[in-house]
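User: Hi! I am new to reading protein structures and would like to go through one with you, a step at a time.

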Amino acid sequence: MAVKVAFMQLSDCWGCHQSLLNAHLGLLPVLPALEIVYWPAVVDFKHDSLKAREDGSILVGFIEGAIRTKEDYENVKLMRQKCALIIAFGSCSCYGNVAGLANQWDIEECIKRKFMEVESATDQTIPTQHVPPFQDKIVNVDEVINVDVYMAGCPPKTEQIISSVVFLLGQKPFPMNDLAFCNDCAIKDSCLLDAGTLCFGPITSIGCSLKCTSDRKPCVGCFGPAKTVDSRAEKLNNMTKNLGSISSGDKKNLYEFLTLFLNIPLMAGFDLAGDILKQIKKRGAPETPLANMPPTTTEISGSLMSFLRDNPEFTEISNVCDTCPRIIGSKSTMTRVKRDYEGLPNMDDCLIEQGYICMGPVTRAGCGGLCIKVNTPCSGCYGQTEWGVNQAERFADTVLKGFNVSLSKQELLAQVKDPIGTFEKFTLASRKGGV
Ligand code: SF4
Ligand code: SF4
Ligand code: SF4
């Protein structure tokens, strides 16, 4: 049965949808599994048709954009009512994005600036027709409704969107054989679980010929879930409830398991709020391979995912620098702060060390260093790696500790022309306690 999906567009630029459409043929394996019931940006379904649907009858709702108007506010609530899972799609929806910078001013000032004062305003009048009333401030989507998945990026990378959708729909072509791998394991009598090693054989489908356990390496689940679990699953389940002290080898296996077994593409770029597997089941969503997993398998996968959420240090790739090919500790040193348009940086040395404000060290990974690869500093669109702190100070402390910078903290910060627009360009609206 095809899975019902809806796309909502709030106040935004449509770039996230463009990123999705950029998949072109990459969409083909996914589309047959979808029944797109609402997608005004592309297929002009009428709003009333969304309203008329039964509550909770749509499995996945993508929300793109920020809440700027009263209409946005109502649409967000409508989506929550109709969809089992809500994905905040793009940084506007996750954090308010660039539009959130307007929260520094009253709405009256913003309206005056936009319609009367800005150089491109031709007739200097404030429109009264076909414009929905504005909210006083941009509010984050998750301040209005519960969000299940955050997919940041301005826009999120195409591959990230596709792999996330594939994961959510459970469309990986798992064989889902009846029996678990343990039945085929050559070392059953000296089981790795008994030796305290995380081995996912009890819940993984039989059928592989590699048989990692023959080399006493644990099964990491690449054949996906089995229809039934082996009796050792209970032991595995107990081990996953106490993951705080697992060995570094087990940590690595755990990542591999989540990637191979659940097809979670990139933990750092795809936040699951709450236990997504349980939510799929609880909300009576249509049948998907994930929803069909045996209860013990769901429980084990759920506790692994919540453990990773609560222990972000497990995320091997954590910030943009981790995916950047440039040298930190290069032959260059920041002696003054340069604006992006000044000079032409070389392609080898870290941009900070060449004098530019690059937000890489304090920005969540996920994009693969898109901007840096085209010689442009990261401006932070995937969101911060730490919240609830003074972002300017955090940036300065971070770079003074780990990069060639010959400025004091005060000198560095004093030379940044627009601190809020630099350090919270994409996230100001999600700053707690107001601007
Ligand atoms: S996140 Fe970026 S690309 Fe997506 S709608 Fe917002 S501004 Fe546009
Ligand atoms: S600060 Fe920017 S240029 Fe330097 S390593 Fe990090 S991402 Fe790369
Ligand atoms: S390098 Fe920074 S600004 Fe550019 S896409 Fe990645 S996170 Fe966004």
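Predicted model: local features only at pLDDT ≥ 70, side-chain atom pairs only at ≥ 80, totals over all residues.

User: What about ligand 2: which residues are the closest to it?

Analyst: Ligand 2 has 13 residues around it. By class, 11 of them are nonpolar, one is polar and one is charged. The closest are Cys-321, Cys-324, Cys-350, Cys-358 and Gly-360.

User: Which helices each supply at least two residues of the shell around ligand 1?

Analyst: Let's look at the shell first: it includes Gly-15, Cys-16, Ser-91 and Cys-92, along with others such as Asp-12 and Pro-155. Sorted by class, the shell around ligand 1 holds five nonpolar, five polar and two charged residues. The helices that each give at least two residues are α1 (15-21) and α5 (91-95).

User: Is Cys-16 buried or exposed?

Analyst: Cys-16 sits in helix α1. A residue counts as buried if 20 or more other C-beta atoms lie within 10 Å of its own. Cys-16 has 27 other C-beta atoms within 10 Å, so Cys-16 is buried.

User: Which residues does Cys-16 touch, leaving out those up to four places away in sequence?

Analyst: Cys-16 is one of the residues around ligand 1, and Glu-64, Gly-90 and Pro-155 are also in that shell. With residues up to four places away in sequence set aside, Cys-16 touches Glu-64, Phe-89, Gly-90, Pro-155 and Pro-156.

User: How many Å apart in space are Cys-16 and Ile-161?

Analyst: In sequence, Cys-16 and Ile-161 are 145 residues apart. In space, going from C-alpha to C-alpha, the separation of Cys-16 and Ile-161 is 9.2 Å.

User: Why are the buried residues of α9 on the same side of the helix?

Analyst: Helix α9 spans residues 233-240, and its buried residues are Ala-233, Leu-236 and Thr-240. An α-helix has 3.6 residues a turn, so residues three or four places apart point the same way.

User: To finish, what percentage of the residues in the chain is buried?

Analyst: The chain has 16 helices and eight strands. Among its contacts with a separation of 6 or more, 74% join residues 24 or more positions apart. Of the 435 residues in the chain, the buried share is 42%.

Definitions and conventions:
Residues numbered from 1 in each chain as written. Chains lettered and ligands numbered in written order. Near = placed C-beta within 6 Å. Helix = DSSP H or I, 4+ residues; strand = E, 2+ residues; numbered from the N terminus. Nonpolar A, V, L, I, M, F, W, Y, C, P; charged D, E, K, R; others polar. Buried ≥ 20, exposed ≤ 12 C-beta atoms within 10 Å, placed from the backbone. Contact = placed C-beta atoms within 7 Å.
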